[in-house]
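Please keep the sequence and the structure in view while reading.

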Amino acid sequence: MNQYTMKDLEAGQEEAFAVTVTEDMLNQFRTITGDTNPLHQNAEFAKAKGYTDKVVFGMLTASFLSTLAGVYLPGENSLIHSVETKFLKPVLVGDVLRISGTVAEKDERFSLILIKVLIRNQNNEKVLKGSMKVMVNA
């Protein structure tokens with residue numbers, strides 16, 4: 001786990017990690033949220049809607065941004081202030097996602113950094129883009 005402080009962080013600094021989305025993640029997310037939309041649990045339903053398989057919850061995909069801030073950038077000194085995301089392409093079980101963040105701005109007055117975020121799948125296709133404002137508590 002990284003422990004970056006404001007003085008350690010610079011515009012252009014990047015961190016990234018990868019994760020494979022599993023059926024178990026989908027099931028746990030459904031249990032936690034109560035979202036029982038058949039698009040996320042019934043392959044035949046999803047195929048009838050034009051998808052190749054059931055679609056991973058968008059918010060499950062976006063939840064990896066918490067890991068990005070809390071473990072990688074800045075790490076344990078973080079507190080997410082706000083998140084903006086755009087979902088660009090469906091994510092499917094088995095997809096390998098690369099979650100990356102780049103420091104775009106530093107605001108020393110409020111100990112905030114703006115992180116541009118991007119999630120790509122194993123085919124290098126963008127599935128999510130956005131930004132996060134993260135307070136750096138150190």
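## Ser111

Ser111 is partly exposed in this predicted model, because its relative accessible area of 26% falls between the 20% limit for buried residues and the 50% limit for exposed ones. Its place is the loop between β3 (96-107) and β4 (112-120).

The backbone of Ser111 also deserves attention: its phi is positive, about 55 degrees, although the residue is not a glycine. Most residues other than glycine have a negative phi.

## Other backbone features

Asn124 likewise is a residue other than glycine with a positive phi, in this case near 65 degrees. Asn124 is found in the loop between β4 and β5 (126-136).

A further feature concerns a peptide bond. Between Leu73 and Pro74 the bond is cis, and its omega is near 10 degrees. Most peptide bonds, by contrast, are trans. Pro74 belongs to the loop that lies between α3 (58-72) and β2 (78-87).

## The largest nonpolar core

Which residues touch the most other members of the largest nonpolar core? They are Leu65, Leu97, Ile99, Ile113 and Met132, in a core of 30 residues. Two or more residues come from each of β1 (14-20), α1 (23-33), α3, β3, β4 and β5. The greatest contribution is that of α3, which supplies six residues.

Met132 illustrates these contacts. Leaving aside residues up to four places away in sequence, Met132 touches several residues, among them Leu65, Leu68, Ala69, Ile80 and Val83. Its contacts also include Ile113, Leu114, Ile115 and Val117, as well as Ser82.

Conventions. Residues are numbered from 1 along each chain as its sequence is written. This is a predicted model: local features need pLDDT of at least 70, side-chain atom pairs count only at pLDDT 80 or more; totals for chains, interfaces and linings use all residues. Side-chain values use heavy atoms; hydrogens and water are left out. Helices (H or I, at least four residues) and strands (E, at least two) are DSSP runs, numbered from the N terminus. Buried means under 20% relative accessible area, exposed over 50%, partly exposed in between (1.4 Å probe, protein chains only). A nonpolar core is a set of buried Ala, Val, Leu, Ile, Met, Phe, Trp, Tyr and Cys residues joined through side-chain atoms within 4.5 Å. Contact means heavy atoms within 4.5 Å.
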